[in-house]
Amino acid sequence: MKQIFVARQAIYDRDQRVFAYELLYRAGLDNRAEFPDALSATTQVLLNTFMEIGLDNLAGGSRVFVNLPQGFFTDLPPIPFERDRIVLELLEDLEVNDALCRAVAKLKAEGFTLAIDDYLFESKWEPLMRHVDIIKVEIPGLSEAQLRQRVGPLKQKGLTLLAEKIETQAVYDLCRELGFDLFQGFFFSRPNIVQGKTLDDNQLVVLRLLEKLNDPSSSMEEIDQQISQDAALSYKVLRYVNSAAMGLPRKVDSIRRALVVMGLQKIRVWASLMAMSGVKGKSSEVIVLALIRARMCEALAREARSLGPDTAFTIGLFSMLDVLLDQPLEDILAKLPLAEEVLAALLRQQGPGGTLLRCAIGHERHDWPNMSYPGITHERLQELYWGVVGQVWQSGLIED
């Protein structure tokens, strides 16, 4: 068992009753937010909250606010959280582009509550204002004159206004006078750390599960068996599906029943999150490189119609397993139930999958002799590759 941590800071309404808690990443009892990158920090907060400590243990019946980097909006599968219990925060450094606008509009249509964090009345947020519900105004970044001038028009739009980073009685009184609905800051309470314990994940089991989930021929029985092989993973799935947040009328006591209740899409999301968070000692750049390679293989397969896109994606992703797990690729693949064409591509770069992989790696390394593919022009290959890289950059998985 190992210790896990999540910090929470209360958000109060106008009667100083707890309205919600903002959840924050912490690596230990030292109450400071130090993390390698926003994506891994958010992933760990979500896993610790929903699958380890439990949402009710952290927040009781209150809502929770969670900061999400760009990739969670534009790159990952559908967010598998209870819409009435979570507020999705758009961080101040997000790039407001078409992909983000589409993702936010979709989440709003699905019933999620969205908030803009650290808002300073920047014009870049205008395309999203009709989709968000809560504006978290960063009070220390604005003068009293600016607040008095700008808060009124914002209130007229029917948005809920949250004054954040309040540190004195005078500032609280001013914000209350201006009509703010919610309040957060050291004046009320500092973040407090909630501890829990977790079982270590079997990373190989998670990767096997991902392979099964991405194989259209996989049966429910096979996925059930894959999850059940690992006690830690089984525990987390059953804990989540039996949480009060799911609101089921009776207890779920088997993985098979959990799969039926949650559906394969939610299981796929959780397995992806666990896989990303479980690669210890690896920077996000390594994971991003694996994602770019996988997507390039997938794009080539679609263009050439030489192999199933799902199989091509798996080949690209699994070609980085030796780097991710610090083991020889041959040893890792010997433990995975992969098709012969996938093994031939990964171990010998043979067959249609091997040709895809060689081309993807050639573009990645600027290896001109291998930056070609039969029947596809060099210009089209460049267009495919930089299109894939651009998607990943927009997702927020790569930082400048």
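Predicted model: local features only at pLDDT ≥ 70, side-chain atom pairs only at ≥ 80, totals over all residues.

The largest nonpolar core comprises 76 residues, and the members that touch the most other members are F73, L90, I135, V137 and F180. Helix α1, residues 38-53, gives the most to this core, contributing eight residues. A separate core of 37 residues lies apart from it; F318, L338, L346 and I376 are among its members.

Consider F73 in detail. Leaving aside residues up to four places away in sequence, F73 touches L68, E89, L90, L94, L100, A103, V104, L107 and L114.

I turn now to strand β6, residues 134-138. How many of its five residues are buried? The count is five of five. I135 and V137 point one way from β6, while I134, K136 and E138 point the other way.

On one hand, β6 pairs with strand β5, residues 113-119, in the parallel sense over three bridges, and A115 stands opposite I134. On the other, β6 pairs with strand β7, residues 160-164, also in the parallel sense, over five bridges; here I134 stands opposite T160. Together with helix α5, residues 144-155, strands β6 and β7 make a right-handed β-α-β unit.

Finally, Q70. This residue is found in helix α3, residues 70-74. Why is Q70 classed as buried? Its relative accessible area is 6%, and buried means under 20%, so Q70 qualifies. The side chain of Q70 reaches the backbone oxygen of E95 at 2.7 Å.

Terms used
Residues numbered from 1 in each chain as written. Heavy atoms only, no water. Helix = DSSP H or I, 4+ residues; strand = E, 2+ residues; numbered from the N terminus. Buried < 20%, exposed > 50% of the residue type's maximum accessible area, 1.4 Å probe, protein only. Polar contact = N/O pair within 3.5 Å; in protein donor to acceptor, adjacent residues only side chain to side chain. Core = buried A, V, L, I, M, F, W, Y, C linked by side-chain atoms within 4.5 Å. Contact = heavy atoms within 4.5 Å. Pairing = 2+ DSSP bridges. Right-handed = clockwise from strand over helix to strand, strands pointing away.
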